[in-house]
Amino acid sequence: MIILDQLKDDVNTFLKNYGWIIAVVLVAIIAVVVVIILVTGRKTKKSVPQIAEKSKWVEALGGVENIISSEAYGSRLSLSLVDKSLMNKEALKELGVTNFIEMSNKITLLLEDKAELVKAELDKKD
């Protein structure tokens, strides 16, 4: 019992001398954690990229009859066309195409993050 009483006295003395430091450190730690949670917890809403309507894409690609097939892969939209010369590159650039990769009658359009949306728009039934 003497050891237990001595331990209680030592703990009480320690807390009397250093208790306020412990309290300040705990409050500081809690404040830092709350700030970190608030800063990292705020997820900015990612804006949904807007795309032009189907008619503008179809017109820039040379018409419905010129489009054989389309596939979207991330930022790339691959198209098989009947005649590449009917495609209007300037109009496609205005619609958001950043680059073109041409191979025979197949063309790949680089669209950043809009390829899937453009493919979905092209696949819409009117």
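1. The buried residues of helix α4 pack against α2 (54-60), β1 (67-73) and β2 (76-81). In α4 (residues 115-123), the buried residues are Ala115, Val118, Lys119, Glu121 and Leu122. Here, buried means under 20% relative accessible area, exposed means over 50%, and partly exposed lies in between (1.4 Å probe, protein chains only). These residues sit on the same side of α4, because they cover an arc of only 160° around the axis; the arc is that of the directions from the helix axis to the C-beta atoms. Helices (H or I, at least four residues) and strands (E, at least two) are DSSP runs, numbered from the N terminus.

2. A word on what you are looking at: this is a predicted model, in which local features need pLDDT of at least 70 and side-chain atom pairs count only at pLDDT 80 or more, while totals for chains, interfaces and linings use all residues. Residues are numbered from 1 along each chain as its sequence is written, and side-chain values use heavy atoms, with hydrogens and water left out.

3. Now for the core. The largest nonpolar core has 19 residues, and those with the most contacts inside it are Trp57, Leu77, Leu79, Leu92, Leu109, Leu111 and Leu122. The elements that give two or more residues to this core are α2, β2, β4 (106-110) and α4. A nonpolar core is a set of buried Ala, Val, Leu, Ile, Met, Phe, Trp, Tyr and Cys residues joined through side-chain atoms within 4.5 Å.

4. Leu111 is worth a look in the viewer. Leaving aside its neighbours within four places in sequence, Leu111 is in contact (heavy atoms within 4.5 Å) with Trp57, Ser75, Leu77, Gly96, Val97, Thr98 and Val118.

5. Asn66 lies in the loop between α2 and β1. Its relative accessible area is 2%, so Asn66 is buried. Apart from neighbours within four places in sequence, Asn66 is in contact with Leu61, Ser80, Leu81, Val82, Asp83 and Leu86.

6. On to charges: a search of the whole structure finds 3 salt bridges, each a side-chain nitrogen of Lys or Arg within 4 Å of a carboxyl oxygen of Asp or Glu. Lys84, Lys89 and Glu102 are linked in a network of these. Glu102 and Lys84 meet at 3.2 Å, N to O. Glu102 lies in strand β3 (residues 99-103) and Lys84 in the loop between β2 and α3 (89-94), so this pair ties together parts that are 18 residues apart in sequence. For Glu102 and Lys89, the closest N and O atoms are 2.3 Å apart. As Lys89 is in helix α3, that pair ties β3 to a part 13 residues apart in sequence.

7. Lys89 also lies over the face of Phe100, at 5.2 Å from the ring centre. A charge sits over a ring if NZ of Lys or CZ of Arg is within 6 Å of the ring centre and within 35 degrees of the ring normal. Lys89 is partly exposed, with a relative accessible area of 33%.

8. Asp123 is partly exposed at 41% relative accessibility, whereas Lys119 is buried at 18%.
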